[in-house]
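Please read them with the sequence and the coordinates open beside you.

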Amino acid sequence: MNALSRNSADRVIVVGGGVAGLSTALRLAPRPVTLVSASPLGLGTATGWAQGGIASAMAQDDSAALHAADTEVAGAGLTEPEVALRIAAEGPRLIDWLVGLGAPFDRAAEGDLALGLEAAHSRRRIVRAGGDATGARVLETLVRAVLGSPWIEVVTADVTALLRDEHGGVAGIVAESDGARFRIPARAVVLATGGLGGLYASTTNPPGATGRGLALAARAGAVMRDMEFVQFHPTAIAAGRDPMPLATEALRGEGARLIDETGAAVMAGIAGGDLAPRDVVARGIFQALQRGRTVYLDARGALGAAMPTRFPTVAALCASAGLDPARQPIPVRPAAHYHMGGVKVDAHGASTVPGLYACGEVSSTGLHGANRLASNSLLEGLAYARFIAEGLDTPPPGRLVPEVASRRVGFDVAAIRSLMESHVGVVREAQGLAEAVAAMAPRAAFCDAALVASLVARAALAREESRGAHWRSDFPHQLAPHHTESTMARADVAAEPLVAE
Ligand SMILES: Cc1cc2nc3c(=O)[nH]c(=O)nc-3n(C[C@H](O)[C@H](O)[C@H](O)COP(=O)(O)OP(=O)(O)OC[C@H]3O[C@@H](n4cnc5c(N)ncnc54)[C@H](O)[C@@H]3O)c2cc1C
């Protein structure tokens, strides 16, 4: 093992090359930043797959207060109002920042930003680029800026452990690349490692999204909050692909309808209908599937021949699956899509462990509560990148102590994915959850995927109510709003000997 030779006194390590990691690295300038990403920049992120856009209250009839209010309704009692308002108020400035970096957002004929409508938003406020290619365009913009920055060095490597100092703080990382293992000491580490959808058999997330940053933080002793809240996207395209391509919710915003094989409306009689919050639509579809129906998203009438120009990404995904959405309804079913819970952070993105920060989907900021409002996650990552850079103030680390290892021995993700799908999915109940916990517990000490899956299953078992994306068939009612929190017992944390440089 060797260490990069640069002075670590002021260096910040950012782990992750999605919207959260790239924008944190840019915002930290002129601090020296080492950006470590498991995949080469531009690849392997959920960010690059975002279709809907970025929510931002920019219209004349809109305001940060209205955006925050919609966010709170979706969050089902667990969104922190001041966090929602703070992030909503940041929206227009963040869009300006991206425009300044060259983001090619779609514009109306008069030159103003073209604003789209999505489910559960009371106003048109979805900023888009390339129709439904927002994530790809934003990612390209941020990658270009990072590669042009003299303050940021980019390392392609898998972060497998966090370095700790004698005071219990985080003091750098251990990473692996091409079989080589190396340490990079640092003043602070920002985890921007994305979500955990890849722990489910049906998911829209990229294959690497198995919550590895969550495991790093948990093994470092950070408080994890509301891990049970996993959002299932209602309309993943059921055409045999893994991960499942997404049919963006914006399609329903533009008039596409959910029907079954008889042509009957799937959401008939359910409040909000096709534009109800995500969890409601996901359960509506799930229950129709349980009754033996096949569910389709029908864009023929509302969009028809305009699909390839209005929604080129979805049209291309359908074409690659042999479907023509202008003539055929698109077969859909719910899939794990977004993780609301994560590393509990404060207003500056700091976790409960000194020197450890979290940004983007890996974090739990208080914005999403029990259910994320569509297109709020890119916004949250952009906002907290700034909050972290402004507030990052951590004393220099002390003497290093043995590493807290991230364990991947026996990394049996296929078995975990099927267990999570059947027992910790759209509809949950005690027996299935207890089975999942029991199956995962013996593996959690040595397998990161099992550790993260067990944190989700344990929290889901503990929450004996139905709220937002967490639906318990045995506890359909709501208790008083409360969070679940967990910290790993020291006994579960295996330390590896610190290898001399
Ligand atoms: C199909 C799809 C569509 C979506 N559409 C929208 C939308 O329209 N609007 C919206 O707001 N949100 C949308 N979302 C959600 C949004 O894209 C994500 O929440 C957001 O992009 C997460 O950004 P991130 O930077 O936190 O993580 P990611 O973009 O997933 O990036 C994670 C990074 O961490 C790296 N990484 C992970 N573990 C390690 C490790 N151990 N070592 C080194 N590197 C590591 C990965 O390689 C990757 O570079 C969508 C998500 C999906 C999957």
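1. In this predicted model, helix H10 is largely enclosed by the rest of the structure, because 14 of its 15 residues are buried. The length of H10 agrees with its residue count, since 15 residues at 1.5 Å a residue should span 21 Å and the end C-alpha atoms are 21 Å apart.

2. Ile-388 lies in helix H10 and counts as buried, with a relative accessibility of 0%. Between the C-alpha atoms of Ile-388 and Leu-85 there are 17 Å in space, while the two residues are 303 residues apart in sequence.

3. Which helices and strands each supply at least two residues of the shell around the ligand? They are helix H1 (19-28), strand S8 (158-165), strand S16 (330-339) and helix H10 (377-391), and H10 is thus the helix described above as having 14 of its 15 residues buried. In total, 37 residues surround the ligand, and the closest are Thr-47, Gly-52, Gly-53, Glu-361 and Ser-377. By residue class, the shell divides into 20 polar, 13 nonpolar and four charged residues.

4. A polar backbone atom of Gly-52, a residue listed among the closest to the ligand, is 2.7 Å from a ligand oxygen atom. The side chain of Asp-158 places an N or O atom 3.3 Å from a nitrogen atom of the ligand, and a backbone N or O atom of Ala-192 lies 3.5 Å from an oxygen atom of the ligand. The ligand has 1000 Å² of accessible area on its own, and the protein covers 97% of that area.

5. The C-alpha atoms of Ala-25 and Val-14 are 6.6 Å apart in space, the two residues being 11 residues apart in sequence.

6. Helix H2, residues 64-75, has 12 residues and reaches 16 Å from its first C-alpha to its last, which is close to the 16 Å expected at 1.5 Å a residue. The buried residues of H2 are His-67, Ala-68, Asp-70, Thr-71, Ala-74 and Gly-75. Seen down the axis of H2, these buried residues fall within an arc of 160 degrees, and they therefore line one face of the helix.

7. Some backbone geometry deserves a careful look, because most residues other than glycine have a negative phi, and most peptide bonds are trans. Ala-76, in the loop between H2 and helix H3 (81-101), is not a glycine and yet has a positive phi of about 55 degrees. With a relative accessibility of 19%, Ala-76 counts as buried, the cut-off being under 20%. Asp-226 likewise has a positive phi, near 50 degrees, in a residue other than glycine; Asp-226 has its place in the loop between strand S12 (224-225) and S13, and is buried with a relative accessible area of 3%.

8. The bond from Ala-29 to Pro-30 is cis, with omega near 10 degrees, and Pro-30 has its place in the loop between H1 and strand S3 (33-37). The bond from Asp-242 to Pro-243 is also cis, with omega near -5 degrees, and Pro-243 is found in the loop between strand S13 (230-237) and helix H6 (250-253).

9. Where is Val-456 found? Val-456 is in helix H13, residues 448-462, and is buried, with a relative accessible area of 0%. Val-456 and Gly-304 are 152 residues apart in sequence, and their C-alpha atoms are 40 Å apart in space.

Notes
Residues are numbered from 1 along each chain as its sequence is written. This is a predicted model: local features need pLDDT of at least 70, side-chain atom pairs count only at pLDDT 80 or more; totals for chains, interfaces and linings use all residues. Side-chain values use heavy atoms; hydrogens and water are left out. A residue is near a molecule or strand if one of its heavy atoms lies within 4 Å of it. A polar contact is a pair of N or O atoms within 3.5 Å; within protein, one must be able to donate a hydrogen and the other to accept it, and residues adjacent in sequence count only if both atoms are side-chain atoms. Accessible areas come from the Shrake-Rupley method with a 1.4 Å probe; for residues, only the protein chains shown count as cover. Helices (H or I, at least four residues) and strands (E, at least two) are DSSP runs, numbered from the N terminus. Ala, Val, Leu, Ile, Met, Phe, Trp, Tyr, Cys and Pro count as nonpolar, Asp, Glu, Lys and Arg as charged, and the others, Gly among them, as polar. The expected span of a helix is 1.5 Å times one less than its number of residues. Buried means under 20% relative accessible area, exposed over 50%, partly exposed in between (1.4 Å probe, protein chains only). The arc is that of the directions from the helix axis to the C-beta atoms.
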